[in-house]
Amino acid sequence: MVRLTVDLIAKSRNHFKKKRGLSFPEYLKTLTHLHFSSKNIEDIGDLSMCRNLTVLYLYDNQITHICNLGFAYNLTHLYMQNNNISQIDNLSNLQKLSKLYLGGNRIAVVEGLEQLSELKELHLENQRLAPGEKLLLDPRTLRSLAESLCVLNINNNNIDEIRDLAVLKEIQHFSAADNKLHNMEELEDVFSHWPQLLQMDLSGNPACKTPKYRDRLITVCKRLGVLDGREINELTRQFLINWKASKEAKKKKNNKHILTVPPIPYPLSKDFNMGQGPHPGHIYSHVNVQRWQPQQSLRSAIIVHSDKAREAQKLKIPMSGLLNHAAVSSAICSPVDA
């Protein structure tokens with residue numbers, strides 16, 4: 001097993017260039033950059049003598065745990081991508097850390113960064129996760145980074161929602177390509193909380209196939225200059241913003257008009273049928289209104305006429321006068337079927 005120690009530093013020609021008049025321990029105190037990438041290192045030993053270390057390159061190794069870095073109070077850049085790290089821990093003492101590279105590891109949960117108040121860049125792309133597993137970000141960690149984080153890379157991690165990322169209001173560069181983001185409304189809501197966003201890559205997500213995908217994000221992200229590798233023309237942005245504002249104003253006007261138009265009153269009853277009346281659509285109650293039956297009215301008129309004829313014969317009244325009387329009575333009492 002290869003372990004990173006001061007002895008390994010001493011054996012390295014690239015690092016140990018003894019300065020005149022300096023002992024090895026004194027030389028270690030002057031070190032600010034340590035380059036040990038691609039050395040098959042599996043563990044980090046005691047490096048506490050390198051107290052002024054600011055940049056540590058340990059990418060492309062076989063490291064499984066982050067450890068023994070508590071001494072590095074001055075460390076600002078830590079490169080540990082493409083190792084076998086499964087958990088983020090033991091970084092709480094790195095108060096000046098501004099860039100953290102952990103892509104290509106086996107991290108399933110992003111946590112343990114609550115004390116890194118100066119962290120500006122966090123790179124977590126291409127985690128080697130189990131089938132069906134996705135990268136999760138602890139809300140506590142996100143809240144602690146809300147005032148500092150400017151760059152976040154979470155490419156290719158099976159992520160299907162980013163609602164919790166809305167707190168990162170200082171984000172300027174965001175990469176979430178090749179994930180499973182699909183909800184455009186959620187994306188628009190999150191990005192509306194990022195006023196500083198300048199560059200973003202969402203290529204390879206299902207949301208990219210949504211109609212007006214690019215137009216919608218350009219109107220939400222007022223300062224966005226590059227989307228999915230393509231620059232945004234300022235004239236295009238202004239046109240889309242004006243178009244959206246005009247559309248919303250028109251919609252608001254239409255809604256206001258609908259609310260102000262008075263309803264048309266119609267007589268209603270609990271039990272009604274639609275039928276022919278004074279105008280189409282007039283409502284009748286079949287409880288209170290009887291249908292017009294012309295045969296029944298005509299039959300009643302004939303009966304009345306027969307009775308009057310018999311009475312006329314008794315009283316010797318001329319039939320012509322009786323017929324005229326019956327016709328007038330029928331016309332007055334019987335409605336005309338139009």
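In this predicted model, Arg-214 is buried yet forms no salt bridge. The nearest side chain of opposite charge belongs to Asp-228, 5.3 Å away. A salt bridge requires a nitrogen-to-oxygen distance within 4 Å. Arg-214 sits in helix α5, which spans residues 213-220. Beyond its neighbours within four places in sequence, Arg-214 is in contact with Leu-227, Arg-230, Glu-231 and Ile-232.

The side chains of Arg-216 and Glu-188 meet in a salt bridge, with 2.9 Å from N to O. This pair links distant parts of the chain, with Arg-216 in helix α5 and Glu-188 in helix α4, 28 residues apart. Arg-216 counts as partly exposed, at 24% relative accessibility. Glu-188 counts as buried, at 18%. Elsewhere, salt bridges that share partners join Glu-161, Arg-163 and Glu-186 into one network.

Helix α4 contributes to both arrangements: Glu-188 lies in this helix, and Glu-186 is one of its buried residues. Of the 8 residues of α4, 6 are buried, so the helix is largely enclosed by the rest of the structure. The buried set consists of Met-184, Glu-186, Leu-187, Glu-188, Val-190 and Phe-191. These residues pack against β11, β12 (199-201) and α5. Asn-183 caps the N-terminal end of α4. One of its side-chain oxygens lies 3.0 Å from the backbone nitrogen of Glu-185.

The loop between β11 (173-175) and α4 (184-191) holds Ala-177. Ala-177 counts as buried because its relative accessibility is 5%. Leaving aside neighbours within four places in sequence, Ala-177 is in contact with Asn-155, Asn-156, Asp-201, Leu-202, Ser-203 and Asn-205. Ile-159 is 18 residues from Ala-177 in sequence, and the two C-alpha atoms are 9.7 Å apart.

Helix α3 covers residues 139-144 and includes Thr-141. Thr-141 is buried, with a relative accessible area of 1%. Residues up to four places away in sequence aside, Thr-141 touches Val-110, Glu-111, Gly-112, Leu-113 and Glu-114. The C-alpha atoms of Thr-141 and Leu-113 are separated by 5.6 Å, although the two residues are 28 apart along the chain. Arg-140 forms a salt bridge with Asp-138, and the closest N and O atoms are 2.8 Å apart. Arg-140 counts as exposed at 51% relative accessibility, whereas Asp-138 is buried at 10%.

In total, the structure holds 10 salt bridges. A further example joins Arg-3 and Asp-43, whose side chains meet at 2.9 Å, N to O. Arg-3 lies in strand β1 (residues 2-4) and Asp-43 in strand β3 (residues 41-44), so the pair ties together parts that are 40 residues apart in sequence. Arg-3 is partly exposed, with a relative accessible area of 41%. Asp-43 is buried, with a value of 18%.

The structure holds 7 aromatic pairs. The rings of Tyr-79 and Tyr-101 have centres 4.5 Å apart and planes at 15°, so this pair is stacked. Tyr-79 lies in strand β5 (residues 77-79) and Tyr-101 in strand β6 (residues 99-101), so the pair ties together parts that are 22 residues apart in sequence. Both tyrosines, Tyr-79 and Tyr-101, are buried. Ring pairs extend the group, linking Tyr-57, Tyr-59, Tyr-79 and Tyr-101 into a cluster.

Across the protein, the secondary structure comes to 8 helices and 16 strands. Of the 338 residues, 35% count as buried. Among contacts with a separation of 6 or more, 40% involve residues 24 or more positions apart. The protein exposes about 20,800 Å², and carbon and sulfur atoms supply 53% of that area.

Note on methods. Residues are numbered from 1 along each chain as its sequence is written. This is a predicted model: local features need pLDDT of at least 70, side-chain atom pairs count only at pLDDT 80 or more; totals for chains, interfaces and linings use all residues. Side-chain values use heavy atoms; hydrogens and water are left out. Helices (H or I, at least four residues) and strands (E, at least two) are DSSP runs, numbered from the N terminus. Buried means under 20% relative accessible area, exposed over 50%, partly exposed in between (1.4 Å probe, protein chains only). Contact means heavy atoms within 4.5 Å. Lys and Arg count as positive and Asp and Glu as negative; His and the chain ends are not counted. Accessible areas come from the Shrake-Rupley method with a 1.4 Å probe; for residues, only the protein chains shown count as cover. Rings of Phe, Tyr and Trp (its six-membered ring) pair if their centres lie within 6.5 Å; planes under 30 degrees apart count as stacked, over 60 as edge-to-face and the rest as tilted. A polar contact is a pair of N or O atoms within 3.5 Å; within protein, one must be able to donate a hydrogen and the other to accept it, and residues adjacent in sequence count only if both atoms are side-chain atoms.
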